[in-house]
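Here are my notes on the charged pairs in this entry. Please read them with the structure open.

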Amino acid sequence: MQILHIEPASSDASFRRYFRVKHADGCHVVMDAPPDKENIAPFIRNAVLLQKAGLHVPAIYQQNLELGFLLLEDLGSQSFLDALTPENADSLYRTALDSLFKLQGDIDPSLCGLPVYDQALLSRELVIFYEWFLEKRLSIVIPTATRQALDDCLIGAALQQPQVCVHRDYHSRNLMVLAADSPGVIDFQDAVVGPITYDLVSLLRDCYIRWPLQQVIDWLEQYYQQLLAARMLNCDFRQFKRWFDLMGLQRHLKAIGIFSRLHLRDDKPGYLGDIPRTMGYVGEVCRHYPELAEFNGFLESQVLPIYRTRL
């Protein structure tokens, strides 16, 4: 293989690096995942699982687990985030929702061998918010009773839901616009079996791009009807939307914590600009549900005044 050019292919919040290798016969992407920091075995396993379900994930042509290298199909450089406009959003999101339906409907959660998004994992994710955003970034400690009530509400709602295959980062940066068989789906190594609304809220209440509330509700209702028709749900839309909202709150709190950790621990401040958008989602959900009134009061009286001085 005659290599003509090598260039960085994308940035990543983890220790993985990606390089686009152009050669005489075409173009491939090389994943460099240091074995002491990253385990590429889940990526390989999940690529096979998702491909069998009909999702367009990058084909793996060569692998070296000992050194942490994979040679991958190049899915291009245009993500949904790069391409989305108000005019094309509906058509692009339709393809994303169709792929999500395959993920949720064509993979048997009891047979796929994925880790389970259980109470312990959901709780550990919320700790990221308490530790890295509240304590390390703002020097605030959430009252124990408020924290326990929030954990019980969010974790309980997550565990009540039908359990399906969950990509876990199904959003505009991880969906690639392709000329055929779009979208390409990347960054699926952390897939689990978990709540049916998790990937849906990742997509529709994206930390990196925001859509009008009514547009989100329209997409949500369309997908709800699709799940009902496939007998994958047995609840009314009000219950489904409550699950969606509370799942989004859990995810968005975790994301705010991760963005803060990337800044404080890993010297990656680029994600700080996504916190205000994500915090906006948090506030909207907290104001809507009476059971979140105590946490909302804590946010508005103690967290937001200090956070706004750090912007």
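1. Terms first. A salt bridge here is a side-chain nitrogen of Lys or Arg within 4 Å of a carboxyl oxygen of Asp or Glu. Side chains of opposite charge can pair when their charged atoms come close.

2. Basis. This is a predicted model, where local features need pLDDT of at least 70, side-chain atom pairs count only at pLDDT 80 or more, and totals for chains, interfaces and linings use all residues. Residues are numbered from 1 along each chain as its sequence is written, and side-chain values use heavy atoms, with hydrogens and water left out.

3. Total. How many salt bridges does a search of the whole structure find? The count is 15.

4. Glu38 and Arg16. Their side chains form a salt bridge at 3.1 Å, N to O. The pair links distant parts of the chain, 22 residues apart. Glu38 sits in the loop between strand S3 (26-32) and helix H1 (41-52). Arg16 sits in the loop between strand S1 (3-10) and strand S2 (17-23). Helices (H or I, at least four residues) and strands (E, at least two) are DSSP runs, numbered from the N terminus. Both Glu38 and Arg16 are buried. Buried means under 20% relative accessible area, exposed over 50%, and partly exposed in between (1.4 Å probe, protein chains only).

5. Asp169 and Arg251. The closest N and O atoms of this salt bridge are 3.4 Å apart. Buried or partly exposed? Asp169 has 22% relative accessibility, so it counts as partly exposed. Arg251 has 6%, so it counts as buried.

6. Lys241 and Asp245. This salt bridge brings N and O to 2.8 Å at their closest. Both residues are in helix H8. They are 4 residues apart, so about one helical turn separates them. Lys241 is buried, at 19% relative accessible area. Asp245 is buried as well, at 2%.

7. Network. Which residues are joined by salt bridges that share partners? Arg16, Glu38 and Asp187 form one such network.

8. Gln51. This residue is in helix H1. Gln51 and Glu66 are 15 residues apart along the chain, and their C-alpha atoms are separated by 24 Å.
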